[in-house]
Amino acid sequence: MYFPVKYDEILKRIEAVNPLRYGCTRNFIDGDVTYLSPYISRGVISAKQVAEVMMAKGYALSDMTKFIQELAWREYFQRTWQYLQDDLLHDIRRSYTGTRHRLVPKAMLCADTGIDSIDEAINTLYKTGYMHNHIRMYVASIACNIGKAYWQMPSQWMYYHLLDGDIASNACSWQWVAGSFSSKQYYCNQENINKYTYSAQRNTFLDQPYEELPKMDIPEVLKAVTGFNAKTNLPEANGITIDPSLPLLIYNSYNLDPLWRKDEKVNRVLLLEPWHFRQFPVSDKVIQFILALAQNINDIQVFVGEVSGISHIKDITKIYSKEHPAFVHYPGAKDERDWLFPEVKGHFPSFFAFWKKCEQALKQRQPSASELAVA
Ligand SMILES: Cc1cc2nc3c(=O)[nH]c(=O)nc-3n(C[C@H](O)[C@H](O)[C@H](O)COP(=O)(O)OP(=O)(O)OC[C@H]3O[C@@H](n4cnc5c(N)ncnc54)[C@H](O)[C@@H]3O)c2cc1C
């Protein structure tokens, strides 16, 4: 598994997406998933950009529905974060009373759960910074619903390692699996894992009929638990040169868009704030990935420190960043992000309520039969 960092290679990866094959195979471990999330999460490309490439290639909307729907999940989670702010990091809809601890099963950290496909996928996560969506669901289910861990700390562990780490997708997905952002907990059994990972393992703690899983006591292998107290190793703080007569553009780990205000004469600063990374630690691999992606932005300088520490910031009259719930404290104006569904905003009780509105928006965007006839 390879994650290029050069912009032209990332664009080629978008071109390679086949939404038809995606729709049929995405749940399988070798399915035709796109591996685009590290770039969408980091704001190098947008979901809108990806959908536009697909449309330009002539795919009919009906062929892309599953794919667009998955992109819409990300937007739903981002809108949820905008609405909930810090409450996103607590139980969103309801609290699960079966939780026995707030730690992480040691076997998970050590990739030693005894479920071969899961252990292999955890080792792959450590090596590559990526884990397939279906395996993320299995892992979260094992940690929270079988191991009875509260979702927060295991989600921090996963976030730490993911190149695509996205606070909204992460917290909401863990809560969806754990049942605090859905109507029920998500369970998987060994048969399901075998089917989607092409394994044939038997006699594991998950080798049970579905109705038995919620009644199970914590399996022996998940009983040992531990804390996950990681820290981020940021690059050395360095001096940067700012021209106070020019505007300042603030980039961050969620906005590394090389096309943003591309032709303007400005100061461009990638801001890595220690307080942010103390709250949401990431691995060395993730930091290296962010720094490498930033190299696609002309004349960018990296500043490690809090925003108020950027030299001359008080003297600069025009400061811009992109709107993002993690960085509301930046001074200056906030540009809109490139939403796939800018017209669908606000809070929705469920993804399907949100998706209904997205479908309406898609219909309105399609040219009518009479418009097509004129064209
Ligand atoms: C427990 C758990 C934790 C997760 N943590 C994160 C996270 O930190 N960051 C993150 O970006 N995604 C997270 N996801 C969502 C999803 O697993 C990834 O977005 C997806 O696996 C990324 O791989 P891909 O680009 O190959 O996906 P593809 O299947 O090719 O999907 C294309 C795009 O659609 C979006 N997408 C697809 N599935 C989902 C989904 N279930 N939820 C939201 N968006 C989706 C992503 O933008 C993705 O890049 C998590 C899911 C679970 C179950």
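This section describes the overall fold, the domains, the ligand shell and selected local features of the protein.

The model is predicted; local features need pLDDT of at least 70, side-chain atom pairs count only at pLDDT 80 or more, and totals for chains, interfaces and linings use all residues. Residues are numbered from 1 along each chain as its sequence is written.

The secondary structure comprises 15 helices and 7 strands. Helices (H or I, at least four residues) and strands (E, at least two) are DSSP runs, numbered from the N terminus. The radius of gyration, taken over C-alpha atoms, is 22 Å. Along the principal axes, the C-alpha atoms fill a box of roughly 65 × 60 × 35 Å. Of the 375 residues, 37% count as buried. A residue is buried if 20 or more other C-beta atoms lie within 10 Å of its own, exposed if 12 or fewer, and partly exposed in between, with C-beta atoms placed from the backbone. Among contacts with a separation of 6 or more, 71% join residues 24 or more positions apart. Two residues are in contact if their C-beta atoms, placed from the backbone, lie within 7 Å.

Two domains are assigned: domain 1 (104–226) and domain 2 (248–331). Their bounds come from an automatic or database domain assignment. The domain centres, taken over C-alpha atoms, are separated by 33 Å. At the interface, 7 residues of domain 1 are in contact with 8 residues of domain 2. On the domain 1 side, helix α9 (residues 152–161) gives the most, with 3 residues. That side divides into 4 nonpolar, 3 polar and no charged residues. Here Ala, Val, Leu, Ile, Met, Phe, Trp, Tyr, Cys and Pro count as nonpolar, Asp, Glu, Lys and Arg as charged, and the others, Gly among them, as polar.

Helix α9 has 8 of its 10 residues buried, so it is largely enclosed by the rest of the structure. The buried residues are Gln152, Pro154, Ser155, Gln156, Trp157, Met158, Tyr159 and His161. Their cover includes β1 (104–105), α6 (106–109), α7 (116–128), α8 and α10.

The ligand is surrounded by 29 residues. The closest are Thr34, Ser37, Asn133, Asn170 and Ser173. At least two shell residues come from each of α3 (37–41), α5 (61–84), α8 (133–146), α9 and α10 (167–178). By class, the shell holds 15 nonpolar, 8 polar and 6 charged residues.

Helix α5 bends by about 35 degrees at Phe67. The bend is the angle between axes fitted to the seven residues ending at a residue and the seven starting there. Phe67 is also among the buried residues of α5, which include Met64, Ile68, Leu71, Glu75, Arg79 and Trp81. Cover for the buried residues of α5 includes α2 (19–25), α4 (47–56), α10 and α14 (351–365).

Most residues other than glycine have a negative phi. Gln85, which follows α5, has a positive phi of about 55 degrees although it is not a glycine. Gln85 lies in the loop between α5 and β1. With 10 C-beta neighbours inside 10 Å, Gln85 counts as exposed.

Ile92 sits in the loop between α5 and β1. Ile92 is partly exposed, with 17 other C-beta atoms within 10 Å. Leaving aside neighbours within four places in sequence, Ile92 is in contact with Leu84, Gln175, Ser180 and Phe181. Ile92 and Cys172 are 80 residues apart in sequence, yet their C-alpha atoms are 8.3 Å apart in space.

His312 also has a positive phi, near 65 degrees, in a residue other than glycine. His312 is found in the loop between β5 (300–304) and β6 (319–322). It counts as partly exposed, with 13 C-beta neighbours inside 10 Å. Not counting residues up to four places away in sequence, His312 touches Ile242 and Pro244. His312 and Thr241 are 71 residues apart in sequence and 9.5 Å apart in space, C-alpha to C-alpha.

Technical notes. A residue is near a molecule or strand if its C-beta atom, placed from the backbone, lies within 6 Å of it. The radius of gyration is taken over C-alpha atoms; the globule rule is 2.2 Å times the number of residues to the power 0.38.
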